[in-house]
Amino acid sequence: MAYLNAAFMGPLMTEVVAAGHAGVAAKARPWEVAIDAFFDPVEKARGLYAGLTGADVEGIAVVPSVSYGIAVAAANLPLAAGKRVLVLEEQFPSNLYSWRRLATENNAVVQVVARPANGNWTEALLGAIKPGVAIVACPQAHWSDGCKIDLVAIGAACRAVGAALVIDGTQSFGAMPFDTAAVDPDFAVAATYKWLLGPYSLGFLYVAPRHRNGQPLEEGWICREGSRDFSRLVDYTESMDAGARRFDVGERSNFALMPMAIAAMERLTAWTPAAVSAYAGRLTDRVVAETAAWGCTAAPASARSPHLLGLGLPEGVDAKALATRLAAAQVSVSVRGSRLRISPHVYNTDADVDRLLGVLEDALAKA
């Protein structure tokens, strides 16, 4: 299988699978599970994620999904009547529906920034960030075609007009460098099951210091001060644990998923997102260069993410039919709109690209 589809779902590495098996086995013997097992792995994962994204560990909360993290952001950001929330055209739904609800509840507006013809989302967003914008909600790389956004520039523009910045990093964190301190988002969330090569139903949310005293979605017992002392849990307290931990999802200590995420992030930390980006970029650059003669198109190199390529096809070519043909040849890609979405990771090789190009050449020559 030439699996060029990490943007759909990252496969689990051998050591991640082993960590998950060990976690399930531990739950089968609960008399061997120590109280520290509820806390120490979570803190280790928090630290690893912070390291990968250039954040401080006190700002990281454990969440089950992007939609949960976006809901936390929506619950803690003011939105006055008549103000605007900016989103991108065809933005992933998890970073849209909460803003629609919030806008409806506050008589505000969700403004959709149209897809730029040249793929330059940064330019398009900067042109829309004006007084009256209260929240900018966007990714680092657009999920449908991989066009990237300069979030340092967007963060500065948001601060200039007093707007909050909320980022969905699911399609880039782990595969592209991200510097939380330089971007200074209000909230930034990513699921682990794609480019972080971790399990499904787990993610991490960065919360800026200015929001760390905010309102969590849940009233979890484990997020309170002194929760390690199980003998005193009914000494109820309103005092929360430090930093962004108040926003942690209930049952955050998942004994199978958390060890899997740790194993994956340890490996990614050793590789570094910059190295992953460079490796994947070499492969996508090959695809762009070698398919141009067959009428395929892509955003300029300056506008596209190295690891996530939206390949435009010649007029009249059915993208879904082509993807079916690729699948029959054991080449896995996705279709998003009229484009083939090609997303290699470090497990891919030039042989995988050769197989992709061979099918494309044959199919497009006969189109």
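Phe8 counts as partly exposed in this predicted model, because its relative accessibility is 42%. You will find Phe8 in the loop between strand 1 (2-3) and helix 1 (14-27). Together with Met9 and Tyr200, Phe8 forms a nonpolar patch on the surface, and the three share about 320 Å² of accessible area.

Seven strands form an open sheet with mixed pairing, in the order 2-8-7-6-5-3-4. At its edges stand strand 2 (60-63) and strand 4 (109-113), each of which pairs on one side only. From one strand to the next, the twist averages 20°.

Inside this sheet, strand 6 (residues 164-168) and strand 7 (residues 187-191) run parallel and are joined by three bridges. Look for Ile167, which stands opposite Ala188 in strand 7. Helix 6 (residues 151-161) packs on the sheet, where it touches strand 5 (133-139) and strand 6, and its direction makes about 150° with that of strand 6. Helix 2 (residues 40-53) lies across strand 2, strand 7 and strand 8 (203-207), running at about 115° to strand 2.

Beyond its neighbours within four places in sequence, Leu205 is in contact with several residues, including Ile60, Val63, Val72 and Ala188. Pro273 is 68 residues away from Leu205 in sequence and 18 Å away in space, C-alpha to C-alpha.

Helix 3 (residues 66-76) is mostly covered too, with nine of its 11 residues buried. Among them are Tyr68, Gly69, Val72 and Asn76. The cover over these buried residues includes strand 2, helix 4 (97-105), strand 6, strand 7 and strand 8.

Another open sheet has three strands in the order 9-12-11, with antiparallel pairing. Strand 9 (309-312) and strand 11 (334-336) each have a single partner strand, so one side of each is left without a neighbour in the sheet. Neighbouring strands here are turned by 40° against each other on average, direction ignored.

Strand 9 and strand 12 (residues 339-342) pair in the antiparallel sense over four bridges. One place to look is Leu311, whose bridge partner in strand 12 is Leu340. Helix 9 (residues 273-291) packs on this sheet and touches strand 9 and strand 12, with a direction that makes about 10° with that of strand 9. Helix 10 (residues 319-328) lies across strand 11 and strand 12, at about 40° to strand 12.

Most residues other than glycine have a negative phi. Thr272 is partly exposed, with a relative accessible area of 33%. Gln330 also has a positive phi, about 65°, and is not a glycine. Gln330 sits in the loop between helix 10 and strand 10 (331-332), and its relative accessibility of 39% makes it partly exposed.

## Charged pairs

Side chains of opposite charge can pair when their charged atoms come close. How many salt bridges does the structure hold? The structure holds 26 salt bridges. Here are three of them, with the distance between N and O atoms.

| Salt bridge | N to O distance |
|---|---|
| Asp36 and Arg228 | 2.9 Å |
| Arg228 and Asp40 | 2.7 Å |
| Asp248 and Arg46 | 2.9 Å |

Arg228 lies in the loop between strand 8 and helix 8 and Asp40 in helix 2, so their pair ties together parts that are 188 residues apart in sequence. Asp36, in the loop between helix 1 and helix 2, is 192 residues from Arg228. Relative accessibility is 40% for Asp36, 39% for Arg228 and 36% for Asp40. Asp36 counts as partly exposed, as does Arg228, and Asp40 is partly exposed as well.

The pair of Asp248 and Arg46 links the loop between strand 8 and helix 8 to helix 2, across 202 residues. Asp248 is buried at 3% relative accessibility, and Arg46 is buried at 0%. Both belong to a network of salt bridges that also links Glu43, Glu58, Arg245 and Arg252.

Technical notes
Residues numbered from 1 in each chain as written. Predicted model: local features only at pLDDT ≥ 70, side-chain atom pairs only at ≥ 80, totals over all residues. Heavy atoms only, no water. Pairing = 2+ DSSP bridges. Helix = DSSP H or I, 4+ residues; strand = E, 2+ residues; numbered from the N terminus. Axes fitted to C-alpha atoms, helices over the stretch in contact; angles between N-to-C directions. Contact = heavy atoms within 4.5 Å. Buried < 20%, exposed > 50% of the residue type's maximum accessible area, 1.4 Å probe, protein only. Patch = residues over 30% accessible without salt bridge, like charges linked within 9 Å, V, L, I, M, F, W, Y side chains within 5 Å. Areas by Shrake-Rupley, 256 points an atom, 1.4 Å probe, with all protein chains shown as cover. Salt bridge = Lys/Arg side-chain N within 4 Å of Asp/Glu carboxyl O.
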